[in-house]
Amino acid sequence: MNNQFSENLKKIRKEHNLSQEQLADELGVSRQAISKWESGSAYPEMDKIIALCDKFNLNIDDLLHKDIKEVKGEDETKKNINNLIDSFLNFVTDTINLFSSMNFKSKIKCIFEQIVIGTILFLCSLIIIAILNSLVGSILKFLPGNIEIFMSNIFDSLLYTLCTVGSVIILAHIFKTRYLDYYDKIKTDTKIEENDTKENNNEKDIDKENKIMFKNNENKIVIRDPKHSEYRFINGIFKLFIGIIKFFLLCIAFSVSITLICLFVAIAVSFLICKTGIFFIGILLALLAASTIAAIILVLILNFVFNRKSNKKMMIWGFVLSLAIFGLGCGLVFSGSLNFEIVNENDEALKTVKTEHIMKDDLKIYSDDDTPIEYIESDINNVVIEYSLSEACDLKEFVGHYGEIVPSGECYNVTGYIKEFVKNVNDYKIILMDGDIKNITVYANKNNIEKIKNNIKKEFIFDD
């Protein structure tokens, strides 16, 4: 007889809290037959074995030849693994569905909350690891060096793994409790409300303060509702974070405002070169487009800072159209610039400035930008210096206490520089002007010229 079958029959009957009489009645046999099967003195017919397998959801081979506890243990393990995998996949699916259903503000708030909680868990883990490392280190220091290092490394790896896994589990549990469970609840409430609304078309609208909230007729939910509890410290940190962002955006808005003013000024100034035709039209279009883009950016920033709604479609179309106009303007500027002549400063664009100095024994003349100095003999007792520099610049002559004269050009005359530039552009010329002194000519008699040169030589010899 098969002793394994008799043992398995006893186990499954007791597990299901059945007496021999009850099992006999269900199988249509006598109690004595069940007793003989369990004692191993008799063996059931095949139809009865099949009935037992169907009743207790067993395999014939498992019932007759294997230990039923081991079989159930293996089935339970497989079932637990499958449940674990299904649970993880459901968690991922629910998370994706949740984020796809949330509005933008709720998504940002949810992500920010998880970052804050994750940071707190990370800091707590570091504190726990530091404390346990110090305790374990004081215990392991009595071991030999190599063994101490080996055990310490193992303990560190185990500790970091446990803290990481624990933090992930806690974070996932908080996320599930605060969001996924709430999401399931409001989905169920919404279905009930929709059914009630269909049945009672004349009833009042559903109170939206405690239920799922929609914006712009889109299925976007607002997490969380006003009556649902929140972690106040996280909400406070979130508000502080948003406040800091708004402060920086206001600083950017101030910069954009200054840029916008400069662009308007440039638009007004651009009419000074209206004689350039296509070049002027391109400059004007590019400046107008850039001003529009700056204005759109400024409006978006201010609407975000002061919690106002923006007309997204109008903003997008305005931005795209401005980019197109800006590109068109740049193209016209390039086409018009092909007619321009780029030249260096010539004598026509230079002016001559003369200064007169009383001759002194220690007089020296230097060039601040290494411009060559030309000496011309003249029947005069004093020294006359002639400079050539840009029309838009002014001469600055430094006279030191030791007889040195150091000239330089200063182009602080903005009005004159702009006039000169506009005049040249309208003539289709771009003259590269700078503040350097182009020519220095010294007029003096022969003796004075020799003294000046000797003073400069002595200066260099003394420096060497």
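1. Two strands are taken to pair if DSSP finds at least two bridges between them. Helices (H or I, at least four residues) and strands (E, at least two) are DSSP runs, numbered from the N terminus. On these terms, strands β2 and β5 pair in the antiparallel sense, over 8 bridges. Within this pairing, threonine 352 has serine 388 of β5 as its bridge partner.

2. The basis of the note is as follows. The model is predicted: local features need pLDDT of at least 70, side-chain atom pairs count only at pLDDT 80 or more, and totals for chains, interfaces and linings use all residues. Residues are numbered from 1 along each chain as its sequence is written, and side-chain values use heavy atoms, with hydrogens and water left out.

3. β2 and β5 belong to an open sheet of 4 strands with mixed pairing, in the order β2-β5-β9-β4. Its edge strands are β2 (350-357) and β4 (373-377), each of which pairs on one side only. From one strand to the next the twist averages 20 degrees (angles run from 0 to 180 degrees between N-to-C directions, and axes are lines fitted to C-alpha atoms, for helices over the stretch in contact).

4. The remaining pairings of this sheet involve β9. β5 pairs with β9 in the antiparallel sense over 5 bridges, and serine 388 has asparagine 439 as its bridge partner in β9. Serine 388 is also the bridge partner of threonine 352. β4 and β9 (residues 439-444) run parallel and are joined by 5 bridges; here isoleucine 373 stands opposite isoleucine 440 of β9.

5. How many residues of strand β5 (residues 383-390) are buried? The count is 8 of 8, so that β5 is mostly covered (buried means under 20% relative accessible area, exposed over 50%, and partly exposed in between, with a 1.4 Å probe and protein chains only).

6. A second open sheet has 3 strands in the order β3-β7-β6, again with mixed pairing. β3 (364-365) and β6 (394-399) are its edge strands, each pairing on one side only. β6 pairs with β7 (residues 404-410) in the antiparallel sense over 6 bridges, and aspartate 394 stands opposite glutamate 410 in β7.

7. An α-helix has 3.6 residues a turn, so residues three or four places apart point the same way. Just after α2, glycine 28 takes a positive phi of about 75 degrees.

8. In α3 (residues 31-39), Ala33, Ile34, Trp37 and Glu38 are buried. Their arc around the axis is only 130 degrees, which puts them on the same side of α3.

9. How do α10 (residues 278-305) and α11 (residues 312-337) pack, and at what crossing angle? Their axes come within 7 Å and cross at roughly 155 degrees. The two helices are therefore roughly antiparallel to each other (angles under 35 degrees count as roughly parallel, over 145 as roughly antiparallel, 65 to 115 as roughly perpendicular and the rest as oblique). By class, the contact of α10 with α11 has 20 nonpolar, 8 polar and no charged residues. In this classification Ala, Val, Leu, Ile, Met, Phe, Trp, Tyr, Cys and Pro count as nonpolar, Asp, Glu, Lys and Arg as charged, and the others, Gly among them, as polar.

10. Methionine 314 lies in α11 and counts as exposed, at 53% relative accessibility. Its C-alpha atom is separated by 9.7 Å from that of isoleucine 296, 18 residues apart along the chain.

11. Most residues other than glycine have a negative phi. Asparagine 307, in the loop between α10 and α11, has a positive phi near 55 degrees; asparagine 307 is exposed, with a relative accessible area of 63%. Tyrosine 428 has a positive phi near 60 degrees and sits in the loop between α12 (414-426) and β8 (429-432). At 29% relative accessibility, tyrosine 428 counts as partly exposed.

Definitions and conventions
The arc is that of the directions from the helix axis to the C-beta atoms.
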